[in-house]
Amino acid sequence: MLLGHLNQSNGALPAIIETALNYLRHTDFTTMAAGRYPLDGERMIAIVQTPMTQPWETGMPEFHQRYIDIQYLVAGEEVIGYLPPNPALSLSVDQLAERDIAFVHPQENESRLVLSAGMYAIFFPGELHKPCRALNTPVSIKKVVIKIDINCLN
């Protein structure tokens, strides 16, 4: 997992991740409608979302096997839960084959990443994350999730 701000350098990252971050830096999302935007076929996809954040106690941690997630906050404030991969956890919902997503039951001791506009968090396959949580009270946010096929790192 990496946490950063688009205005700051995060050191040497794989070229495909730098490509995604540059897309985020140079795209005006303020008027872009919610939806799915292929950037490189199924290899890299941008998903613009406008959800309401939810209380911390709701929701379940998720993870992916095929895609890296870059979760970029355009507007608002968001808390994302994080835990390192744990293959011993039993799955409560397994849609890895169909949608590359699985959920596990709520976990104790999740780290809480607090994002404000301009910040991003990068989650690699297997890393548990619980996005769209409220910092205090639920608020409407705008975010972009870029999905990068893990095979693009090779």
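Helices (H or I, at least four residues) and strands (E, at least two) are DSSP runs, numbered from the N terminus. The model is predicted, so local features need pLDDT of at least 70 and side-chain atom pairs count only at pLDDT 80 or more, while totals for chains, interfaces and linings use all residues. Residues are numbered from 1 along each chain as its sequence is written, and side-chain values use heavy atoms, with hydrogens and water left out.

V114 belongs to strand β9 (residues 111-116). With a relative accessibility of 43%, V114 is partly exposed, a class lying between buried (under 20% relative accessible area) and exposed (over 50%), for a 1.4 Å probe and protein chains only. Apart from neighbours within four places in sequence, V114 contacts (heavy atoms within 4.5 Å) E78, V79, M119 and L135. N151 is 37 residues from V114 in sequence, and their C-alpha atoms are 29 Å apart.

The cysteines C132 and C152 are both buried, each at 13% relative accessibility. No disulfide, that is, no pair of cysteine sulfur atoms within 2.5 Å, is found anywhere in the structure.

A pocket is an open set of points on a 1 Å grid over the protein atoms alone, where a 1.4 Å probe fits, with protein on both sides within 12 Å along at least five of seven lines; lining residues have an atom within 4 Å of a point. Lining the largest pocket are 22 residues, and I47, H64, R99, I101 and K147 lie nearest its centre. Elements giving two or more residues to this lining include β3 (44-49) and β12 (142-149), while α2 gives the most, with four.
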